[in-house]
Amino acid sequence: MLFGRLKKNPIKIADKPVVEWKYTTCGYCSTGCSIEVGVDANGEAITSRGVGSADVNRGKLCLKGIFEHELFRSSGRGRVPLIRKRFYEPFKETSWDKALDHSASEIKRIQETYGRDAFAIVSTGQIMTEEFYTLGKLARGVLGTNNYDGNTTLCMASAVSGYKRSFGSDGPPGCYDDFEHTDCLIAFGSNLPEQHPIIFWRLKQALEKRKFPVIVVDPRVTMLAQMADMHLPITPGTDVVLINSLMHVILDEGLEDREYINAHTSGYEEFIKIVEEYNPVMAAKICGIDEDTIRNVARTYAKAGAAMSIWTMGINQSTHGSDGVVNINNLNLVTGNIGKPGGTSLSITGQCNAMGTREWSSCSGLPGYRVLEKEKDREDIAKFWGIDPEFFPKKRGLFQTDIFPAIETGQIKGLWIVATNPMTSMPNTARIRKTLEKLEFLVVQDAYEDMETNEYSHVYFPASIWAEKEGCFTNTERRVNLIRNVIKPYAESKPDLWIFNEMAKRFEQGQKIKFPETTEGVFDELRQLSKGRMLDYSGMSYEKIESHRGIQWPCTEGAETGSPRLYTDGKFQHEDGKAKLIPLIFIDNNERPDDDYPFWLNTGRVVEHFHTRTRTGKVGNLNKFSPTPYMEMNPDAAKELGITHGSYARLTSRRGDAVVMVQLTQRVAPNSVFIPFHFHECVNRISLGLLDPHSRQPAFKQCAVKVEPATDQGTAAVRNKAARAF
Ligand SMILES: Nc1nc2c(c(=O)[nH]1)N[C@H]1C(S)=C(S)[C@@H](COP(=O)(O)OP(=O)(O)OC[C@H]3O[C@@H](n4cnc5c(=O)[nH]c(N)nc54)[C@H](O)[C@@H]3O)O[C@H]1N2
Ligand SMILES: Nc1nc2c(c(=O)[nH]1)N[C@H]1C(S)=C(S)[C@@H](COP(=O)(O)OP(=O)(O)OC[C@H]3O[C@@H](n4cnc5c(=O)[nH]c(N)nc54)[C@H](O)[C@@H]3O)O[C@H]1N2
Ligand code: SF4
Ligand SMILES: [Mo]
């Protein structure tokens with residue numbers, strides 16, 4: 001018998017006339033997938049594919065990576081520099097020279113009138129490491145402003161702070177290969193299948209070979225929670241309590257790794273006093289996870305040969321973000337799970353080069369994990385750059401989340417924003433708008449001129465994007481990978497490196513310091529400055545990185561390749577060589593639901609969009625999946641309020657309101673709603689963003705809102721538009 005297609009035309013995929021494949025690394029998330037971009041005879045990028053020999057992604061890509069080459073010529077890209085006197089006037093096109101000259105003279109005017117720190121810089125996690133280093137040199141070594149930070153304060157600051165408090169240094173100690181060796185995994189506030197699809201695929205591969213328990217801690221039933229063995233739907237913002245009680249059980253039942261604690265940690269005596277207070281009966285009432293589950297998870301984790309924890313924004317974006325990270329580290333220290341295969345405390349990073357900025361941008365100090373607070377670090381860098389060490393401040397300046405309030409109070413008068421879109425990504429955007437309007441001078445440097453923050457600028461620098469330039473990114477597992485230049489920059493846009501170098505030339509001190517013109521020249525400086533340090537790059541070169549498809553630091557001079565794990569010898573970066581066990585008391589300081597605002601508002605992401613959609617909103621094959629702002633709501637709660645699936649609802653908080661389409665789903669509890677933060681004029685109009693005391697990271701995931709049906713959608717739309725005008 002004949003079946004199927006035999007008599008029909010065979011299916012054929014259209015041929016793509018690729019003449020050359022060029023090696024790059026994905027510019028979206030921190031997974032760090034290796035991509036080859038296919039270029040046609042005209043030099044245009046026409047297709048992308050995963051690199052089979054790359055250890056990270058082994059030929060796979062997620063949907064964002066597959067369509068990444070469409071960005072080069074997507075709508076809204078900046079063609080030429082723009083300039084205007086006042087932000088509400090129309091822009092005029094201008095030349096690079098004029099835009100740079102004017103910006104340099106405004107920076108000088110502001111610094112001379114109000115002091116060096118009155119001009120601030122806010123950067124990103126999404127430009128190349130070489131560009132970060134150069135911006136740092138310009139900010140710290142030439143302009144000398146201490147108010148220089150990046151959007152990583154919205155993202156990884158808590159992880160950085162927690163690692164430093166526990167281990168004495170930043171640097172995620174584990175790697176993806178740990179999935180292959182672990183006997184138990186806990187994921188805290190991390191939705192891998194959507195946010196790091198290829199790391200998730202690596203986890204699935206490991207699970208198919210060898211089953212081990214996967215435990216997910218998340219108030220929402222995420223995709224990861226759906227495939228987990230146990231899902232702990234925690235009360236928002238209470239992870240510190242849950243972890244204290246897990247350790248309480250472990251220590252109470254003698255399941256800890258006593259040998260490891262004695263040999264490699266300090267502070268046990270103080271630590272145990274607090275942990276003793278968090279018995280699971282008491283903890284259950286705060287964190288919403290029942291006593292038996294707490295005991296069960298504690299025993300499973302402690303009895304596993306090797307156990308690992310991963311986490312992302314559910315931990316970092318909290319008023320207890322840094323404490324949450326420290327407590328995950330505590331849990332792994334008491335069970336002896338640091339620096340061994342399958343036993344680790346692995347923060348899953350966010351942006352493609354959030355690690356690169358932590359290592360080299362000088363945002364929080366000086367390059368190569370050096371700090372302003374140490375005299376030797378200041379002297380070493382001053383000598384290397386050829387400047388007076390007294391030029392450096394002796395303490396780091398404001399974080400991004402404190403820079404905006406300092407504009408409000410008039411301390412800061414000028415701002416340079418590089419590759420970040422605070423008008424959509426910062427909490428309480430109405431307040432951000434007011435601060436931007438107050439600036440005497442704002443320059444925005446972005447690949448897209450239609451991004452919202454640019455509406456408030458005086459000068460716009462059109463930047464080249466991703467593989468229109470060359471350089472490195474560092475991923476979640478400390479792997480430095482390479483982006484080769486694939487295609488020439490769009491229109492008159494310029495690589496960020498070129499822009500920083502040109503700006504440096506316009507300052508007297510900038511002419512004295514060497515600013516290499518090529519990315520490889522800059523990389524060579526990084527190698528020299530990293531030698532002998534924890535983040536040693538000295539054994540790397542562009543050729544070697546490409547041929548290995550990425551190399552993990554440390555990679556010392558002459559070493560064949562990098563190192564998969566840190567702290568394998570149990571030696572930490574604190575002066576005594578030990579890790580600190582830090583006792584943590586829980587202080588309930590969140591805005592919580594009450595009679596007036598009865599729902600928890602949780603915010604996050606979906607797989608098809610990246611952040612503020614400057615990129616994914618322009619790619620049809622991504623935007624089509626969720627083109628409009630929407631909210632996940634529990635059907636029972638919706639029924640009580642007379643809200644139906646697909647209808648519109650109005651959300652109000654103490655800060656503002658927004659109108660969203662409702663998607664009814666059991667993924668969220670009846671007392672909470674979830675909104676992806678990708679859309680402008682949406683969730684960050686409402687969010688509160690209380691700050692973590694250590695990391696200054698906003699609690700994007702917890703605040704209280706009221707929900708009501710928006711019966712007249714027309715009126716709601718008009719009201720939103722009117723709100724925008726003020
Ligand atoms: N598709 C896509 N991928 C991305 C990004 C993107 O925009 N789009 N962005 C990248 C970046 S920069 C980042 S930082 C990462 C973020 O990656 P993730 O952190 O995985 O993503 P989110 O959706 O922000 O938040 C994760 C989870 O935290 C949970 N959560 C909320 N409150 C709590 C709590 O109190 N405790 C716990 N345990 N969990 C809580 C939320 O319910 C949510 O499911 O993704 C990266 N990857
Ligand atoms: N409510 C809520 N808010 C959040 C979050 C949340 O979970 N909930 N998450 C927070 C987190 S973790 C993050 S990381 C932030 C992200 O917030 P943002 O950094 O504001 O988000 P992006 O849209 O990624 O902005 C990056 C900008 O860089 C531009 N760009 C891309 N490549 C280049 C380049 O090579 N050069 C230049 N010059 N520009 C380039 C893009 O066009 C884009 O405008 O949002 C935060 N905001
Ligand atoms: S998983 Fe992340 S790095 Fe890999 S293709 Fe997708 S967005 Fe890019
Ligand atoms: Mo992030």
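**Note on a predicted model: salt bridges, strands and domains**

By the distance rule used here, the count comes to 54 salt bridges. The model is a predicted one.

1. **A buried pair.** The side chains of R358 and D170 meet in a salt bridge, at 2.8 Å from N to O. R358 belongs to helix α15 (residues 354–360), while D170 sits in the loop between α4 (157–167) and β8 (184–188), so the pair ties together parts that are 188 residues apart in sequence. R358 is buried, and D170 is buried too.

2. **A pair with more open partners.** K394 and E390 also join through their side chains, with 3.1 Å from N to O. Is E390 buried or exposed? E390 has 55% relative accessibility, so it counts as exposed. The cut-off for exposed is over 50%. K394 has 44% relative accessibility and therefore counts as partly exposed.

3. **A link between two loops.** R655 and E591 form a salt bridge of 3.0 Å, N to O. This pair links distant parts of the chain, 64 residues apart. R655 is in the loop between β23 (648–652) and β24 (657–664), and E591 is in the loop between β20 and β21. E591 counts as buried because its relative accessible area is 12%; the limit for buried is under 20%.

4. **A network.** Some charged residues are linked in a network of salt bridges. Its members are D97, D101, E502, K505, R506 and E517.

5. **Strand β14.** Look next at residues 414–418, which make up strand β14. How many of its five residues are buried? The number is five of five, so the strand is mostly covered. G414, W416 and V418 point one way, and L415 and I417 point the other way. In a regular strand, the side chains alternate between the two faces of the sheet.

6. **Neighbours of β14.** Strand β6 (residues 119–123) pairs with β14 in the parallel sense over four bridges. Within that pairing, F119 stands opposite G414. Strand β15 (residues 441–446) also pairs with β14 in the parallel sense, over five bridges. Here the bridge partner of I417 is V444 in β15. Strands of a sheet pair through backbone hydrogen bonds, either parallel or antiparallel.

7. **The barrel.** Six strands form a closed barrel, in the order β21-β25-β22-β24-β23-β26, with mixed pairing. From one strand to the next, the twist averages 45°. Strand β21 (residues 599–604) and strand β26 (residues 704–709) run antiparallel and are joined by two bridges. W600 has A704 in β26 as its bridge partner.

8. **Domains.** The protein chain is divided into three parts: domain 1 (13–150 + 352–405 + 412–419 + 428–439 + 461–557), domain 2 (173–347) and domain 3 (599–725). Between domain 1 and domain 3, the C-alpha centres lie 31 Å apart. The contact takes 19 residues from domain 1 and 24 residues from domain 3.

9. **The interface of domains 1 and 3.** The size of an interface is often given as the accessible area lost when the parts come together. Domain 1 and domain 3 bury about 1,800 Å² between them, with 58% of it on carbon and sulfur atoms. Two salt bridges are counted between these domains. Elsewhere in the list of salt bridges, the side chains of D402 and R696 meet at 2.9 Å, N to O.

10. Most residues other than glycine have a negative phi, and most peptide bonds are trans. R58 has a positive phi near 45° and is not a glycine. R58 lies in the loop between β3 (45–50) and α1 (63–66). Its relative accessibility is 33%, so R58 counts as partly exposed. H611 also has a positive phi, of about 45°. H611 is in the loop between β21 and α24 (620–623), and counts as buried because its relative accessibility is 15%. The peptide bond from W553 to P554 is cis, with omega near 0°. P554 is placed in the loop between β19 (551–552) and β20 (579–580).

11. **H102.** This residue is in helix α2 (residues 96–114). H102 has 29% relative accessibility, so it counts as partly exposed. Beyond its neighbours within four places in sequence, H102 is in contact with I83, F441 and V459. H102 and H458 are 356 residues apart in sequence, yet 10.0 Å apart in space, C-alpha to C-alpha.

Terms used. Residues are numbered from 1 along each chain as its sequence is written. Chains are lettered from A and ligands numbered from 1 in the order in which they are written. This is a predicted model: local features need pLDDT of at least 70, side-chain atom pairs count only at pLDDT 80 or more; totals for chains, interfaces and linings use all residues. Side-chain values use heavy atoms; hydrogens and water are left out. Buried means under 20% relative accessible area, exposed over 50%, partly exposed in between (1.4 Å probe, protein chains only). Contact means heavy atoms within 4.5 Å. Two strands pair if DSSP finds at least two bridges between them. Axes are lines fitted to C-alpha atoms, for helices over the stretch in contact, and angles run from 0 to 180 degrees between N-to-C directions. Domain bounds come from an automatic or database domain assignment. Buried area is the accessible area (1.4 Å probe) that two parts lose on being put together, summed over both. A salt bridge is a side-chain nitrogen of Lys or Arg within 4 Å of a carboxyl oxygen of Asp or Glu.
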